[in-house]
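I opened this notebook to keep track of what I looked up, one entry at a time.

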Amino acid sequence: MKKQNRGFFFTFEGIDGCGKSTQLELTASALKAQGFNCVVTREPGGTSISTKIRELLLSPDNKEMHIQTECLLYMAARAQHVREVIAPAVNRGDIVLCDRFEQATFAYQGYGRGLNIGFLREINKFAADGLTPDVTLIFDISVELSQKRLSNIGKGRDRLESEGAGFFRKVRQGYLSAAEADPQKIVLLDGSKTVEELSAEVLDVLYRHIE
């Protein structure tokens with residue numbers, strides 16, 4: 001298969017338990033089977049430094065973390081991630097599939113925590129060196145379904161997952177508002193559909209951009 005001069009950057013978003021990670025894995029497998037070079041990564045994480053920051057951010061032991069600290073740690077992890085992994089992969093023609101990126105910041109730290117969205121956009125631009133996704137997929141589910149799925153996972157919840165339903169309602173609204181504001185680049189999908197139905201929809205969206 002012909003290699004693009006520049007690759008693509010696709011991000012998978014949604015509130016906790018929405019199924020985005022499962023869909024990302026299925027998408028990567030399908031694209032690789034078609035001969036595409038794919039880089040699968042996540043935020044916060046993706047590099048050694050960013051993964052260490054992830055541990056700080058998600059540890060339930062850090063309940064006293066201020067929202068400003070949380071925001072800046074996410075940005076620090078992203079700055080390293082973009083420069084070390086995402087931008088180099090896109091520049092060499094690969095397809096990058098990332099579990100969360102900028103829309104998570106706007107939804108969680110903006111709508112969820114109440115930080116100024118305009119300010120978040122500016123520091124995100126600095127952290128990401130101006131890099132933005134080609135397409136963002138948002139898997140929308142109700143907060144009730146999110147909580148049910150998290151309860152069924154059978155593991156302890158991390159610091160963010162432990163937030164109450166009111167927090168996640170705000171976050172979900174952030175995602176819905178983003179999709180409404182930019183339908184050309186942000187695709188809203190019904191996360192309550194079956195895994196197979198969603199996978200087909202995701203691939204249809206991405207193939208239209210790749211080809």
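Entry 1: I began with Asp-99, which counts as buried because its relative accessibility is 11%; buried means under 20% relative accessible area, exposed over 50%, and partly exposed in between, with a 1.4 Å probe and protein chains only. I note that this is a predicted model, in which local features need pLDDT of at least 70 and side-chain atom pairs count only at pLDDT 80 or more, while totals for chains, interfaces and linings use all residues. Residues are numbered from 1 along each chain as its sequence is written, and side-chain values use heavy atoms, with hydrogens and water left out.

**Entry 2: its partner.** Which side chain meets Asp-99 in a salt bridge? I found Lys-20, at 2.6 Å from N to O, where a salt bridge is a side-chain nitrogen of Lys or Arg within 4 Å of a carboxyl oxygen of Asp or Glu. This pair links distant parts of the chain, since Lys-20 sits in helix 1 and Asp-99 in strand 3, 79 residues apart; helices (H or I, at least four residues) and strands (E, at least two) are DSSP runs, numbered from the N terminus. Lys-20 is also buried, at 9% relative accessibility.

**Entry 3: another link.** I then looked up Asp-16 and Arg-100, whose side chains meet in a salt bridge of 3.8 Å, N to O. Asp-16 lies in the loop between strand 1 (8-13) and helix 1 (20-33), and Arg-100 in the loop between strand 3 (95-99) and helix 4 (102-112), so the pair ties together parts that are 84 residues apart in sequence. Both Asp-16 and Arg-100 are buried.

Entry 4: Are Glu-122 and Lys-125 buried or partly exposed? Glu-122 is partly exposed at 48% relative accessibility, and Lys-125 is partly exposed with a relative accessible area of 48%. Their closest N and O atoms are 3.9 Å apart in a salt bridge, and the two residues are three apart in helix 5 (residues 117-127), about one helical turn.

**Entry 5: the wider count.** I counted 13 salt bridges by this rule, and I noted a network of them that links Glu-70, Arg-113, Arg-159 and Glu-163.

**Entry 6: the whole chain.** Lastly I wrote down that the protein chain has eight helices and five strands, and that buried residues make up 51% of its 211 residues.
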